[in-house]
Each structure stands twice: as structure tokens, then as C-alpha cells.
Amino acid sequence: MAGNDYNFAMIEKKWQERWKEQQLFKADDNDTSREKFYCLTMYPYPSGVLHMGHVINYTLGDVIVRYKLLRGYNVLSPMGWDSFGLPAENAARKQAKAALERGEEPIHPDRFTEDNIAHMTSQMERAGWGYDWSRELATSRPNYYRWTQWLFLLFYQNGLAEKKVAPVNWCDSCETVLANEQVLGDGTCERCGTVVVQHDLNQWFFKMSSYAQKLLDGHAELHGHWPEKVIKMQEEWIGRSEGAKVDFTVTETGESLPIFTTRPDTLWGVTFMSLAPEHPLIEKLVKGTEQEEKVLAAVRKMRAQSTSSRLTAEVEKEGVWTGFHVTNPVNGEQVPLWVANFALMTYGTGAVMSVPAHDQRDFEFARKYNLPVRVVIQRDDATLVVEEMTEAYEDPGAMTGSGPFSGRLNTEAMGDIIKWLKAEKHGEGTINYKLRDWLLSRQRYWGAPIPIIYCEKCGEVPVPMEQLPVELPMDVEFKEGGGNPLASCEKFVNTSCPQCGSAATRETDTMDTFVDSSWYFLRYCSPEFMEAPFDPKLVHKWMPVDLYIGGIEHATMHLIYCRFFTQVLHDLGYLEFTEPAKKLFCQGMVCKTAYYCENCKWLPEAKVTGGSKSEDTIIGGICAKCGGKVRSEMTKISKSKLNIVDPDAMMDRYGADCVRLYMLSDAPPDQQQVWSDARMQGSWRFLNRLWDVVTGAVEIIQGEQQEIPDNLDTESKALRQKTHASILKITDAIEGGFRFNTAISSVMELLNKVRSAKAVHTGVMREAVESMLILMAPIAPHFAEELWETLGHTTSIFQAAWPRADKSVAMGDEIEIPVQVNGKIKARLIVAPNLSKEELEKLALEEEAVQAAIQGCEIKKVIAVPGRIVNIAVK
């Protein structure tokens, strides 16, 4: 699809080849004359195809990179591949049997991955995204994961990596462990949707919990530069709570059972104790007792529920009595010890004091199992009677039945209660964090091998640094449902101990792919450096990342992990900074209407009938296949909902520049983008109008550039004023939050002004046309380059400078000032730009429309802002 002389297919191919020849995006490590700008978009998993989420993410990054080039920066814009992970391994398993039956070699995850990388690279180049490909990396290549293993050993040597038995989330379908962050709110695996269960396994962990407070403290540096929503999500995930550790004891055995509570004011209201189903004390206590079979059966059932689902209000509270009691240290009372599904090992100590009168969860549990309820906080407006309570009372009040603290306001007594607990040796004040150690072991092949060897004589032995990388064997057998192929690869497993030389075995677990992405931004600075993971001099030059772009869904996974890695490397003396990125920008999702049939489930749009394609007729429409009712839903573009938009198909039809323009013109890039074929065509028409105007102006403005005189005619002065005002507005839109939709709208306005200009000074016309092209160049780069060359320029438009606006020209001789009354515009003043505040206020109040609006009202305040607006507040 093309109009006039705008042959986008030819133009885009031409300029992509030209940029490659010119090495336009190659960062200069030795340039000290220009300010550096490190722009990083989160690297993709090489699935094999780009989707519209990639398009908005990488287009946004590319536009900013090109803008910074025009502003004269030395820009680093690298690209790589998050290329380890389950999909490649699962693909190998899925087709292994069929391939062998056909007498073919099964596709190896390495080949699967590299083929996908090659295809996606060509797609990226076609989209016009500019990267310094000399810095390309893939986390599955030995020259990268060698250094991932090196960093693991660095953490290990400094006590920050350890192996321990712990309850873990297990996905039967993926046959591997999942981190808490990889389990969805409904208790299913984020990758395959299988219900997650819990097992006890000996696993490797990074001791991230020891960095909980540092991660919180680091937010002080990020406020105002990272989205506040991301910071809030991280704060909630880290979960800092101030309270007390209180030492209960198991009455029958005398064993200590400490608890953490944020409500020490309710200690006197404890009527039972709850243990998490994963608590190690349970099996020990009930072994050989009458309760053993019943308790362990209930524990197995509770552990089959995911941690996240157990926390939801919808999941029924379940428990079982252990047959034991605990003694409350503050009053000596013995209360029953239960196991409850709402108690978690990942919070506090895994033992929870239960106060049903003042905690709704405990209240519901107590009512279900007929456990006592005791009021120890009384409300001030009525007396709480246990038998009449229908819910827990969780607000402030006077303490009652609470020993030396009875009669005091609970919120005021908290500090004194904690001091009393310490004095009486019952406990002490403490801080608790929800953040737990990072589980990094995965029972799969396609990941970085953990560089540990097990020797019967020496125990756990790290692989010497000089022997890295521990490479993945290529000749492993993938069996569907066959577990981790590394464990059955004798050539890999059997080795010798680096310390004593005896026969030994390798660790067969591999690392979580989030380990790879926790430091990749450092490797980009020196991808060929072979003495360490990164060259300290070049990291000093380029880091921290100036702008990091990616989805908000990474707030509590990657964006915490990479901050943890950076802080550890800083503390160990490898980095001078503590945060990986100065600024974070989270792009919005791309959404499109999807259609759901009551019988056929999700439908492609073509299967919906009912007249026109307007929203009104689709809602309640009819499925052409089965006659069932169809509803529509605006949702994220997804294969499962059959509302996919194929970027390649769009580029075939409209060209890469038109797709880029559309993706940025509809809404601010941090908001939801709603796909519309009609608006896509609007972007196409705009490009063609701009093409016609520029090519039509070539004869007028070619030749020697004319100096613009001071005494311009009215029409020339108006066009020049619009040009400079547009430059100011567009620059502000980009610098003030990447409001590219505003920038594009301003170029459209300028284009309309140029089209309506009849006889203007040649220099003014050249200035307007060339400014339009430079302003559009980051957004539609191939288009702008071609027209720039058409105007007679012999160098790339990106070697030109971003246009500079003259504010006095932009203001013009007269400006328009809106006048608002109680927030609504009632008049517009045409005044001199330097009019004073007092004169502006006087003119506004004299306006006939304003007088009509304020008639009979009392003027409370008049705010006049010279050059901008007048606000009148009336009552």
C-alpha cells in the first residue's frame, strides 16, 4: 500500500543499509567531548516472533536514542537476548519422540534459540530500531554465562549464596521450582497455568533477605525518577514491619516457639497458636502420637495450596489441632497449638499468635472451630460483648484484661509493652521483612549450570574460577516428562574434586534466568572483556543506565533482582554506584477488542456477525459458526484471545515508519494503547500529506539558504512564529515525560500552517520544512532521512542538530490567553506577550463574557499568570 512517490519499502531498506554502513548507532568508548547517554530497553526472550508489546517498547527506546543523537549525546543503545529458559527445552522435549520416529535429529535448545535470534534480529532491523550490534550478547552463550557463574561464585565466597532445605513452589508441568514471584495470585504457574504445589527440596539461594533494608533505603535515590507505582510495589513486596518477637513455649515439651507480631497490645487476647503447614516442628511433635495421621494428612492438603492462594480472602480457612499446647509468656495461659493454612513460613517465624477478637482472619477461624474469643481492646463508644460480635474489632481502644497495661490506649502503649517484654525476658522489639532469600535453583537443562562440585571427602567445593565456564553438554537426551536431562548425563555429572582429585559429582541444577538478567546491563559496557564480567573503566564511563525502559510487570522480580546485584557488587568494591538505572520508564500495554462466544470461546473478529463492526452491534452479536451469543472485551493483545496484531503484516501494508508513528500518536506511551485499524490509516494519510508538502516545496527552497530578515511580512512572521512555538512545545513534550502524542500533534499543526501559507519568505519556508523533518526524524526516521536528502543534504539527518527555538519569535507580537471562571474557559484574550499581571487581570475582568459569568457572584480570587492563563474563582 503506497501513495504518490512515497515508496516506503524501498526507502526503509535503503536507509537501514545506509545506517549500518555509517555505524550510526555505534557508541564511542573513547569520546570524552560529548555527554554520555545510556538508553536501555529490557532485552527480549527470543521466542521467534515480535509482538506488539515489543513494538511499543523498542520503538519508544529507539525514538529517544535518535532524539539524543540529535541533541549531540554519545549514545549507548545495546541489544541482546534473554535466551535461557523453559520454552526452548520444552520444545525439544515435545518433538523429540516424533523426530526420532522420522529418523531425524531432535532440535536442540541451542539451535532452537539461535534460529529464533537470527529471525528476530532481522525483524528488529526491519523496524528501523537502531542498536550497537557490536555489543550483542545472548545469556545462553558460554562467553556470557561464564561470567554469570563467576558472579555466583563471588556471592558464594562472600556468604551470599547457600544451599539449604526449604519448602519450594513446584510446577509439575514445567518440572521445576518456581520463585514466589513466578506464582500468580490464583496459585498457578505464570508460564503454563498449572496449579503450583509445595515440596521440601535442597535448593540454592541468594541471601537477598539480608539486603531488605538496603533495597528500601535505595528508594530515596529513585523517588521522582522511577514510577511511584513501581516503588510502592517493591515496598509492599519487601514488606517492612515493626513489632516484637515474643517467646512462647510448647507446654508439653518446653521447646521455644518464638513468634513475630505487629500487635503486642493484643498478647493478652491470644486464645490459640497457628503454625504454617511447612513448619519443621509439626512432624517432630506429632510423631508417634494419636494425632499424627490426621495432622499430617491435613498438612499435605494445605501444602498443596499455593502460598498466594492461601492468603486470599476467598480461600476457606482450614486447620487441624496438633494435640499440643503453647504457654503464653505474658500471662502463663496454655492455649491449643493448631496448624492453619493462613499461617506462612515466609512471614515472621512461621508461627502466628491468634487473637480472634482483634483479627478478622483469626475470628473466622475461631468461629469455624469453636475456639475461644477474648476481648482485650475495648471500643470507646460501646462495650464489646464476645457473644454478640459478628466480626473482629481491629481499631484503637482501651486495653482491658492486659495486666499492667489495662486502661491504657493501645496505640500509645505499644512502645512500653515492647520495653516490658524485654525487661521480663519474654521478647524484644524487632523488624520483620516479607522479602525472603532468592531461590535460584531450577531442575532443568537450559540454564547456566551452578558451578559447584560435591566430593565425599571435601564436601561442597566451588569450581575454580579459571575452570569456568562449566559448559552445558550438547549430547543430552530430552524425554517428554523425563526430568532434568543433566542429571542423567554421566559425562557431565561425573568429574573430579578440584581440591583432592577424588571422584566427585557436579551440581545438576541450573540457575534461574533472572540471574542472567540481573547484570546484563554491565556486560554491555565491555562485551569483549575477558578478565572479568565487565571492564571497570568502561562501567565507570557508561553506568548507571540513564534511561531504562520496560514493563511494570517486572517491578517485583527483575527490577528488585538487578537492584540487589548492583548493591552487592557495590558493597564488594566492584561498582561505584548503588542503583542500576537513574530513570525508569514503564510503557503501557497494547490492547485490542477480543470476542468471546458462549460456545466457541474466543473468536477471531471475522467470525462475528450482526451488521456493522461498531461496538454496539458486536456486544450481544451472533457467532457465525454456532449462532451463540458473543460479547466483546477490551483486553491485552494475546494469542489465547485471538486478537493478535501481526507487526510484520502491518509493516508490509503501511511501512515501519507508519507503524512507529501510530504507536506513539494515540496516547502517552506509559498509558494503555488501544489498537485501531482506522487510526492506523490516519497515520498513513498524515505521512503522505507531509511527503507531498516537502516534495512540493523542494523547488521553492532549494539553492543557497537565504538569511531571514527582521522585517518579515505578516504571513511569513506568522509561519515563523508557529515554527518556533512548535519547536518549544515538542522539545518540552519529549523532555517532560516522552509525550510523543503531543509532539506528533504539534507537527500536524505546523504542517497545516505550512500547507495554508501562500507567499512566504523562502528562508522562513525552508526553516519550517527542515524543522518539521528533524522534529519527525526520531519517530519516522527512514521517511525523514529520504526527504532530508531530497532537500539536497548529503549527510544523515541525525548528524544535524535538534532545532533551537527563539523564545521571542515563538511568542510573536500577540498571544492568546484563556480566561477561566471556576475552571471553565469563558473568554480568550489576544494580548502582547509581555503584558503585566495587573494589566492582564484588568482586561480579563472587563471581558463581556466574563462579566456575564460572574454576575451576582462574589470574586474569591483572581490568579493571572502572564503569558499563560487567567483564573477567576467565584462563590
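Modeller: Lys 163 has Trp 204, in strand 7, as its bridge partner. This is a predicted model, in which local features need pLDDT of at least 70 and side-chain atom pairs count only at pLDDT 80 or more, while totals for chains, interfaces and linings use all residues. Residues are numbered from 1 along each chain as its sequence is written, and side-chain values use heavy atoms, with hydrogens and water left out.

The bridge of Lys 163 and Trp 204 belongs to a set of 10 that join strand 5 (residues 161-171) to strand 7 (residues 197-206), and these strands run antiparallel. Strands (E, at least two residues) and helices (H or I, at least four) are DSSP runs, numbered from the N terminus. Two strands pair if DSSP finds at least two bridges between them. Four strands, in the order 6-5-7-17, form an open sheet with antiparallel pairing. Its edges are strand 6 (176-178) and strand 17 (438-439), each of which pairs on one side only. Helix 5 (residues 142-157) packs on this sheet and touches strand 5 and strand 7, where contact means heavy atoms within 4.5 Å. The direction of helix 5 makes about 85 degrees with that of strand 7; axes are lines fitted to C-alpha atoms, for helices over the stretch in contact, and angles run from 0 to 180 degrees between N-to-C directions.

Seven of its eight residues are buried, so strand 26 is largely enclosed by the rest of the structure; buried means under 20% relative accessible area (1.4 Å probe, protein chains only). Seven bridges join strand 26 to strand 30 (residues 629-636) in the antiparallel sense, and Ala 594 has Glu 633 as its partner in strand 30. Three residues lie between strand 26 and strand 27, which form a hairpin, and Tyr 596 stands opposite Trp 602 in strand 27.

Finally, there is a pair of helices. Helix 23 (residues 714-735) and helix 24 (residues 740-756) pack at about 170 degrees, with axes 9 Å apart. That angle makes helix 23 roughly antiparallel to helix 24, a term used for angles over 145 degrees.

Notes
Parallel < 35°, antiparallel > 145°, perpendicular 65-115°, else oblique. Buried < 20%, exposed > 50% of the residue type's maximum accessible area, 1.4 Å probe, protein only.
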